[in-house]
Amino acid sequence: MRKGNIKRGVAALLCFCMVFGAGCGKKDEPVIDKEKKTISEDDKNYVYSLSTVDDAISNERNIESFCRNGDYIYILTSEYGEVTESSVKRVSLKDGTAKDFVKLESSADCYYGNIACDDAENIYVTKNEYQESFDDEENVEDADDDVSGTVEIGDDTEKSEESAESTEASENPEDSSNETAEDSESQDEDVISEESESDEEYTVENNTLIVKVAPSGEVLWEKKLVEEDKSSNLNSLVYVKDVGVVTASQSGFAIYNPETGDGEMLEYGKRSGNEEEYYYERSLFVLRDGELYLQDNDEDWNYRISKFDKAAKVFNKIENAYPEGVYGGDQLNPGKSFDVYYMNSDAIMAYNLGDTEPTKICDLTASDLLIDYIRYIYEKDNGNLVVYASMGSDDMGLYELTKVAPEDIKDKEVLVLGTVFINDDVRKQVVKFNQLHDDYCIKIKDYFSDTYSDDMEGLEKVTEAFNLDVTSGNTPDIFVLSSNIPYESYINKGLIQPLDSYFEKDPDISLDNYLPNIMDACKRDDKLYMIIPSFYIDTMSAAKSMVGDEKVTLNNFRDICEKNNIDPTMMMGYSTRDYGYMYYSRCGSCFIDYEKGTCDFKNPAFIKLLEYIKELPATEAEDYDYSQYETMYREKKALLRSEYLSSFEDFQVSTRGYFGEEIVYNGYPTDKGGESYIVPLQQLAMSNSCANKEVCWEFIKQFLSDDFQDTVKDRKWGFPISNKAFDEMCSLAQEPPFFINAEGKKELSESYYGIGDIEIKIDELSKEEAEGLASFIKSVDKVDQSNDKVSEIIEEEVGAFFEGQKTAEEVADIIQSRVSIYLSESM
């Protein structure tokens, strides 16, 4: 469900109005610091320490799957090479020791996948055999004809300008007059046809078996999958006492006799071949009651848990199996004290089927644990947890979490960080800060996870809870700002602390070291109220040959479309009225001044936006071919392409892929030009009532450090704001792609991006391209302030215009009135 479509409740809105209508003090009015807090006794109940279970396991290069039986975990591991070596390790949950248990038969053309184990420690694994073959093409001439005009990227073959021109003309006859032969040759070298130029056809035949292996290593039986499963990939494999070895796949469910290996396909869940095909995400697991359960999804991607009926051989759905706020799809880990353990954004949780709410077990942030991802969770008899997890940037490893006695936890002064949705970068910086400080710690208050409910008022309740805390003395010390928080109102009412003095006094930080456009976007009345440590750009691009130096606006787009023989409804690509929400939030935002709390929806340009959206199809055609979207810009059937610009590679995807020619960044059409937006990946501010502002500054400063900025640069998604890191990112884009190998040396690599029938190789940018893109990024100065409430107001009113009940002017007048009231009440 799109969050902007969640209806707000009248009660929540009235509460919002009363809170902000009553007045919170004018801007810059002194605010009394609130009382300092320490770690609560309740928070101490969720703190765990971490230790490595066994280095041999933690350093395994490839772990395929896990299973548990009794006091042991069985781990299927592989080491890839010309021959894949596979074996099973056994880890004791009592003392944590690991030993080689069973070595599996290996060959050059097989690998092992899932694993299960019975009470006698017999191992059941899936064995995937594959046979590669090459068939000679009988008609080489035809094959050559199929790939005419395509050249592999990096092809060193010299081509004359005449050859390049003819290639261009054959591929783009309509464009041949607009490009030079040199341009055409450059573009062709970036395109690879999906059709092979080889004279041989490559095929792979797969065959999957289930193998039973005794603890001694002896293969007791090896059986092919049942006929119905031969063309399916197994989603899950478990051993169930008194049932057998059970598998789940897209074809259905099968049970194999553990003694003989004979299998049967269940009638329940079997594909008939007639029903509409959709993907099942099926997972089998045995809970502490010894019974078999299934988690899967329906055609609408609603998850459900079902229990297996041994007599009827069917799975029966358990009503209300998930607690409130748990929607399924997570890795479910059977436990001893609880039915199921799972990980959410920053904690390990547990519940019994039918519980109304989950139980928190371990708060990862309060425990100062940098765990990114947990694949498996096992509960020991003493209540400790053994997890297979990723720690920060390290590889996956097997660790034990041990509960820390509350009396052993040192008291620290607590600073509260308030957020709606927890950002992983923010959580990591909180953990880092807490590890570095003995006297202070930061506690995350995620208003979404604490407040959100799956009803029509869900997000309104989140915003209401945040605002009530801000105005009732429970203000967080640090804000993570977002479009769900009315932070312009907080600034106007003096609730956010300007940061200028902290920059001036700090010898380690200088405003001159950061991108000026980003820092300026964080200012109000020439005061710096927030920082945006990393970001991407939301914009629209167009072929330069079609728009030249002219900006596409809401006033001239029809003329430009007509000049380029483009249907005006394709001005922003293929769209329906359902896309209106995006246009209201992007194109429509130019009619609001959030700093002044005013709007201008009577503007003729807004009328033109409504008229444009009315011309779009009401809904998407059932037979719409999405592959057309991949080629519509190359074929010059559409004008503007919406894109999130988050790396220098994205520029290549557009120029050499979607458009196949030079592009310009137009931005979203507005009344006077085109507007591109800075979209913060984090946006932090300090409360004016913060109990310890200097300590809060130390935390915020972490995001400005070389360490954090280099992390943003190196992951190549999102842009850093440090001049140094950004410039290095720009320089790296001008080098051939590479990675750092195990010896710490650069090694060239290849990266491709698929668009329709072609692949685009990601190469280095020219100096002019890289610097041109950098210049554009540095020119964007407006922060995305998409407002769900405003977009909702527009959506509620435009229907009368679309249905012919009111004119666009009448609807715009109503929108103007409603948004003006909303802004006056909230600002």
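Which residues lie nearest the centre of the second largest pocket?

## Second largest pocket

Val 238, Leu 284, Phe 285, Val 286 and Pro 334 lie nearest the centre of the second largest pocket, out of 49 residues that line it. The structure is a predicted model, in which local features need pLDDT of at least 70 and side-chain atom pairs count only at pLDDT 80 or more, while totals for chains, interfaces and linings use all residues. Residues are numbered from 1 along each chain as its sequence is written, and side-chain values use heavy atoms, with hydrogens and water left out.

The volume of this second largest pocket is about 1,400 Å³. On a 1 Å grid over the protein atoms alone, a pocket is an open set of points with protein on both sides within 12 Å along at least five of seven lines, a cavity is a set of points where a 1.4 Å probe fits but cannot get out, and lining residues have an atom within 4 Å of a point. Grid points are joined across faces, edges and corners, and a volume is the space filled by probe spheres set on the points.

Two or more lining residues of the second largest pocket come from each of strand 3 (63-69), strand 7 (110-117), strand 12 (234-240), strand 16 (283-286), strand 20 (333-334) and strand 24 (371-379). Strand 12 gives the most, with seven residues. Helices (H or I, at least four residues) and strands (E, at least two) are DSSP runs, numbered from the N terminus. By class, the lining of the second largest pocket has 22 nonpolar, 13 polar and 14 charged residues. Here Ala, Val, Leu, Ile, Met, Phe, Trp, Tyr, Cys and Pro count as nonpolar, Asp, Glu, Lys and Arg as charged, and the others, Gly among them, as polar.

## Cavities

The structure holds three cavities of 30 Å³ or more. The largest cavity has a volume of about 60 Å³, and among the residues that line it are Lys 103, Glu 105, Tyr 112, Lys 127 and Glu 222. Strand 10 (200-213) and strand 11 (219-224) are the elements that give two or more residues to the lining of the largest cavity. That lining divides into five nonpolar, one polar and four charged residues.

The second largest cavity has a volume of about 50 Å³. It is lined by 13 residues, and Tyr 584, Ser 585, Ser 589, Tyr 594 and Val 790 are the closest to its centre. Helix 15 (580-586) and helix 23 (788-802) each give two or more residues to the lining of the second largest cavity, with helix 23 giving the largest share, three residues. The lining of the second largest cavity has six nonpolar, seven polar and no charged residues.

## Aromatic contacts

Rings of Phe, Tyr and Trp (its six-membered ring) pair if their centres lie within 6.5 Å; planes under 30 degrees apart count as stacked, over 60 as edge-to-face and the rest as tilted. The count comes to 40 aromatic pairs. The pair of Phe 648 and Phe 726 is tilted, because the ring centres are 6.1 Å apart and the planes stand at 50 degrees. This pair links distant parts of the chain, 78 residues apart, with Phe 648 in helix 18 (residues 648-659) and Phe 726 in helix 21 (residues 723-732). Phe 648 and Phe 726 are both buried (under 20% relative accessible area; exposed is over 50% and partly exposed in between, with a 1.4 Å probe and protein chains only).

The rings of Phe 703 and Phe 708 have centres 5.2 Å apart and planes at 65 degrees, so this pair is edge-to-face. Phe 703 is buried at a relative accessible area of 0%, and Phe 708 counts as buried at 3%.

A charge sits over a ring if NZ of Lys or CZ of Arg is within 6 Å of the ring centre and within 35 degrees of the ring normal. Lys 360 lies over the face of Tyr 46, 5.2 Å from the ring centre, and the charged end of Lys 505 sits over the ring of Tyr 502, at 5.4 Å from its centre.

## Strands 24 and 25

Strand 24 pairs with strand 25 (residues 385-391) in the antiparallel sense over seven bridges; two strands pair if DSSP finds at least two bridges between them. The bridge partner of Tyr 378 is Val 386 in strand 25. Tyr 378 also belongs to an aromatic cluster with Phe 66, Tyr 376 and Tyr 388. The two strands form a hairpin with five residues between them, and Gly 383 in the turn has a positive phi of about 90 degrees.

Most residues other than glycine have a negative phi. Asn 320, in the loop between strand 19 (314-317) and strand 20, has a positive phi of about 55 degrees. Asn 320 is exposed, with a relative accessible area of 63%. Phe 421 has a positive phi near 80 degrees and lies in the loop between strand 27 (413-419) and helix 7 (424-436). Phe 421 counts as partly exposed, at 33% relative accessibility.
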